[in-house]
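Here are a few exercises to work through with the model open beside you. Try each one yourself before reading the solution.

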Amino acid sequence: MPINFGDKLVIAISSRALFNLDESHNIYEEQGLESYSQYQVGHEDEVLLPGEAFPLVKKLLRINEKLGGEPKVEVILLSRNSADTGLRVFNSIEHYKLDITRAAFCGGESPYRYVAAFGCHLFLSTNAEDVRNALENGVAAATLMSSDAEDKGGDELRFAFDGDAVLFSDESERIYKKSGLEAFTENEKAAAKKPMTGGPFKHFLQALHVLQSEFPAKTCPIRTALVTARSAPAHERVVRTLRAWNIRIDESLFLGGLSKGEFLKSYGADVFFDDQHLHCESAMPHVATGHVPHGVANEIATSNEGKVNKGD
């Protein structure tokens, strides 16, 4: 039975997402496990540089300081390292004064199987296979991609989400892929008052919404945005779905197929989640980006790339 952390927001993070382990990973790839283990033990007192998710984790943990009392955010480390080779990771956590106390070191095995056991709402990793496995087991997960985005600093934490196949199911996207934009639009008009089924990130968004409610609206350090390629009239079903879920989204951008990158920059997102590589590539120069390998867009070969792209 999964651990019950009550109303905490629980996020699992891989060691390679939290810290930059590229050098030691290259040793593992080129020289094997024994050389990697010797390298990690020999360098365990050297502090690791921050990885893609480090700024996000810092801001998440800072929320506990703002609330005082019982912590409302829990970050759990999941690693393919053994406890022996992972000591460098925990030494680095201590150096940066990150309040992370729970971990699973899996000795070369995939750590995704502990995501549900810890009751996590979100799993962030650089290993696409681990992410797919977590998604298949009903946990929101994303593969963090290498990004040029700078740490935005400050205390406010801004999440941005794609719609179809991320917050919502891919049922509408499948119509688009099969029958085109006109059929997609007609379906969304006809089903405007019918809420969509939740996608893999629905429960994570719900948990964020609960955490936001701990703060007065004007001083909440968390802000959320929907950034979707949908446009009118397909917007109405989105609005009514979120209303039916009783979930607050602070900003909604209906871009009608425009590239998302500049809009994410203007919004000031700390992290963005999307199921399509095209949009992830647009976002990467501006924001930490998580690819969500879910839905029809990740089942279809690239033979459809020349097609007019509704692109959510």
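**Exercise 1. Is leucine 144 buried or exposed, and what does it touch?**

Step one: leucine 144 has a relative accessible area of 7%, and buried means under 20% relative accessible area, exposed over 50% and partly exposed in between, with a 1.4 Å probe and protein chains only. So leucine 144 is buried.

Leucine 144 is found in strand β5 (residues 140-145); helices (H or I, at least four residues) and strands (E, at least two) are DSSP runs, numbered from the N terminus.

Step three: list its partners. Contact means heavy atoms within 4.5 Å. Not counting residues up to four places away in sequence, leucine 144 touches Ala17, Glu52, Ala53, Leu124, Ser125, Thr126, Thr289 and Gly290. For alanine 53, 91 residues apart from leucine 144 along the chain, the C-alpha atoms are separated by 7.7 Å.

A word on the ground rules: this is a predicted model, where local features need pLDDT of at least 70, side-chain atom pairs count only at pLDDT 80 or more, and totals for chains, interfaces and linings use all residues. Residues are numbered from 1 along each chain as its sequence is written, and side-chain values use heavy atoms, with hydrogens and water left out.

**Exercise 2. How far can you trust the model? Find the mean pLDDT of the protein chain.**

Step one: pLDDT is the predictor's confidence in each residue, from 0 to 100. The chain's mean is 89, and 94% of its residues reach 70 or more.

Step two: look at residues 301-312, where the pLDDT is below 50. Beyond near neighbours in sequence, this stretch has 30 contacts in the model. Where pLDDT is low, the predicted coordinates should not be read in detail.

**Exercise 3. Which residues have the most contacts inside the largest nonpolar core?**

Step one: a nonpolar core is a set of buried Ala, Val, Leu, Ile, Met, Phe, Trp, Tyr and Cys residues joined through side-chain atoms within 4.5 Å. The largest one here has 67 residues, and Leu18, Phe159, Phe201, Phe204 and Phe273 have the most contacts inside it.

Step two: ask who contributes. Helix α4 (residues 54-67) supplies the largest share of this core, six residues. Apart from it lies another core, of eleven residues, among them Leu255, Leu264, Phe272 and Val287.

Step three: zoom in on phenylalanine 159. Leaving aside neighbours within four places in sequence, its contacts include Leu56, Leu60, Phe204, Tyr267 and Phe273.

**Exercise 4. Describe how phenylalanine 201 and phenylalanine 273 pair.**

Step one: rings of Phe, Tyr and Trp (its six-membered ring) pair if their centres lie within 6.5 Å; planes under 30 degrees apart count as stacked, over 60 as edge-to-face and the rest as tilted. By this rule the count comes to 13 aromatic pairs.

Step two: for phenylalanine 201 and phenylalanine 273, the values are 4.9 Å centre to centre and 40 degrees between the planes, so the pair is tilted.

Step three: the pair links distant parts of the chain, 72 residues apart, with phenylalanine 201 in the loop between α9 (181-190) and α10 (202-212) and phenylalanine 273 in strand β9 (residues 271-274). Both are buried. Phe159, Phe161, Phe201, Phe204 and Phe273 form one aromatic cluster.

**Exercise 5. Which strands pair with β7?**

Step one: two strands pair if DSSP finds at least two bridges between them. β6 (157-161) and β7 (222-228) pair in the parallel sense over five bridges, with alanine 160 opposite alanine 225 in β7.

Step two: β7 also pairs in the parallel sense with strand β8 (residues 251-254), over four bridges. Alanine 225 stands opposite glutamate 251 in β8.

Step three: six of the seven residues of β7 are buried, so the strand is largely enclosed by the rest of the structure.

**Exercise 6. Which peptide bond is cis, and where does its proline lie?**

Step one: most residues other than glycine have a negative phi, and most peptide bonds are trans.

Step two: the cis bond joins alanine 232 and proline 233, with omega about 5 degrees. Proline 233 lies in the loop between β7 and α11 (235-245).
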